[in-house]
Amino acid sequence: MEELAYVLEGCGIDYEKLYARLSFEKPGVSSYWTYLNYVVNVAMALKSRAEMSLLTGEEPDVFALDFYGKLTEKHGMAIGHFTGDECLSGTSPVQGSECCSIVEAMYSYEELLSIGGNPFWGDLLEQTAFNGLAATVSADMWTHQYVQMTNQVECTRIPEGKAPFNFNGGDAHTFGLEPHFGCCTANFNQGWPKFALSSVMRTEDGLAVTAIAPVSVETEVCGKKVSSQREWGAPTHPRGMCGISGLSCRRSPPGIGRRYRSAWICWQEPMQGRITCTNPLTLRIRQRIPGRGLRGLTRCLRSF
């Protein structure tokens with residue numbers, strides 16, 4: 001398997017080398033398509049060096065952080081994602097970004113967080129999920145957009161030749177079972193399940209709550225049964241609660257940038273805890289520890 005991993009790396013595109021030299025500017029043409037700038041490939045490439053770091057021992061975050069910085073500088077959207085309709089399309093708020101790129105970017109952030117442990121990716125994962133994915137898929141998951149736009153005032157078909165998209169047609173921003181191309185119909189449904197699976201991760205001595213989402217966990221830590229139940233109405237409801245049995249909680253070290261939202265890391269000590277999110281900006285933890293009474297901790301969350 002190790003040999004196969006190196007073979008696959010050699011047969012693929014070396015995005016690290018490519019984007020050290022390739023211009024990130026949007027081409028000055030009305031329409032273009034290339035595998036090198038296809039937004040879904042780019043979203044998947046973010047995790048490439050982190051995954052190879054498991055074999056090479058390199059720092060898992062170096063390429064991804066630099067790559068993401070270049071993407072948002074030249075093609076960034078207000079939600080923290082990057083445009084691509086279908087290839088990287090600049091910073092105009094009427095450019096779209098493909099639904100497939102949202103779920104693949106989320107998966108990359110989940111892998112980056114799992115491998116390197118940098119809470120920056122958990123922060124970005126939440127932002128992308130509750131702004132990008134929630135906006136482009138209906139609540140019952142029967143309809144979705146092929147591309148979403150930062151500034152979109154209606155979902156009507158745009159006449160031929162008038163669509164602002166780089167490559168897509170005038171129906172790409174509308175909701176449907178299979179709008180424009182069928183690839184997103186096959187791919188978008190991985191977004192929420194993988195997000196839920198990644199919202200709690202195992203550490204060496206406990207669990208890490210890496211993203212706020214309505215999930216329940218029953219597992220063992222150091223031979224002790226623990227459970228966590230979180231209920232949250234996000235993104236439409238600002239209040240959430242988390243009950244933790246068999247664990248105590250602490251914050252992880254500071255992350256990167258002012259938008260940092262640290263994960264709560266839980267480890268084995270007798271206690272009962274409840275986390276209450278009273279608004280999108282503040283998370284308050286109230287713990288009852290035997291012999292110590294009740295104490296509260298408050299920290300800031302970035303607004304979604």
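An axis here is a line fitted to C-alpha atoms, taken for a helix over the stretch in contact, and the angle between two axes runs from 0 to 180 degrees between N-to-C directions. With that in mind, helix α7 (residues 119-136) and helix α9 (residues 191-198) have axes that come within 12 Å and cross at roughly 155°. The model is a predicted one, and its protein chain has nine helices and twelve strands.

**The chain as a whole**

- Of the 304 residues in the protein chain, 47% are buried.
- The protein chain exposes about 15,000 Å² of surface, and carbon and sulfur atoms supply 54% of that area.

**Helix α7 with helix α9**

- Angles over 145 degrees count as roughly antiparallel, and the axes of α7 and α9 cross at roughly 155°, so these two helices are roughly antiparallel to each other.
- The crossing in which α7 passes α9 is left-handed.
- On the α7 side, the residues that meet α9 are Leu125, Glu126, Ala129, Phe130, Leu133 and Ala134, while on the α9 side the partners are Gly191, Trp192 and Phe195.
- Sorted by class, the residues of this contact between α7 and α9 are seven nonpolar, one polar and one charged.

**Helix α5 with helix α7**

- Helix α5 (residues 62-75) also has an axis that comes within 12 Å of the α7 axis, and the two cross at roughly 40°.
- An angle under 35 degrees would count as roughly parallel and one from 65 to 115 as roughly perpendicular, and with a crossing of roughly 40° the helices α5 and α7 are therefore oblique to each other.
- The crossing of α5 and α7 is left-handed.
- Ala64, Leu65 and Tyr68 in α5 meet Phe120, Trp121 and Leu124 in α7, and the residues of this contact divide into six nonpolar, no polar and no charged.

- Along the chain, Leu65 and Trp121 are 56 residues apart, yet their C-alpha atoms are separated by 9.5 Å.

**Leu46, in a loop**

- Leu46 is found in the loop between α3 (39-45) and α4, and with 0% relative accessibility Leu46 counts as buried.
- If its neighbours within four places in sequence are left aside, Leu46 is in contact with Phe63, Ala64, Phe67, Tyr68, Leu71, Phe82, Ser108, Tyr109 and Leu112.

**Ser53, in helix α4**

- Ser53 is found in helix α4 (residues 48-56), and Ser53 counts as buried because its relative accessibility is 9%, where buried means under 20%.
- Not counting residues up to four places away in sequence, Ser53 touches Glu58, Pro60 and Ile115.

Notes. Residues numbered from 1 in each chain as written. Predicted model: local features only at pLDDT ≥ 70, side-chain atom pairs only at ≥ 80, totals over all residues. Heavy atoms only, no water. Helix = DSSP H or I, 4+ residues; strand = E, 2+ residues; numbered from the N terminus. Left-handed = near helix turned anticlockwise from the far one by under 90°. Contact = heavy atoms within 4.5 Å. Nonpolar A, V, L, I, M, F, W, Y, C, P; charged D, E, K, R; others polar. Buried < 20%, exposed > 50% of the residue type's maximum accessible area, 1.4 Å probe, protein only. Areas by Shrake-Rupley, 256 points an atom, 1.4 Å probe, with all protein chains shown as cover.
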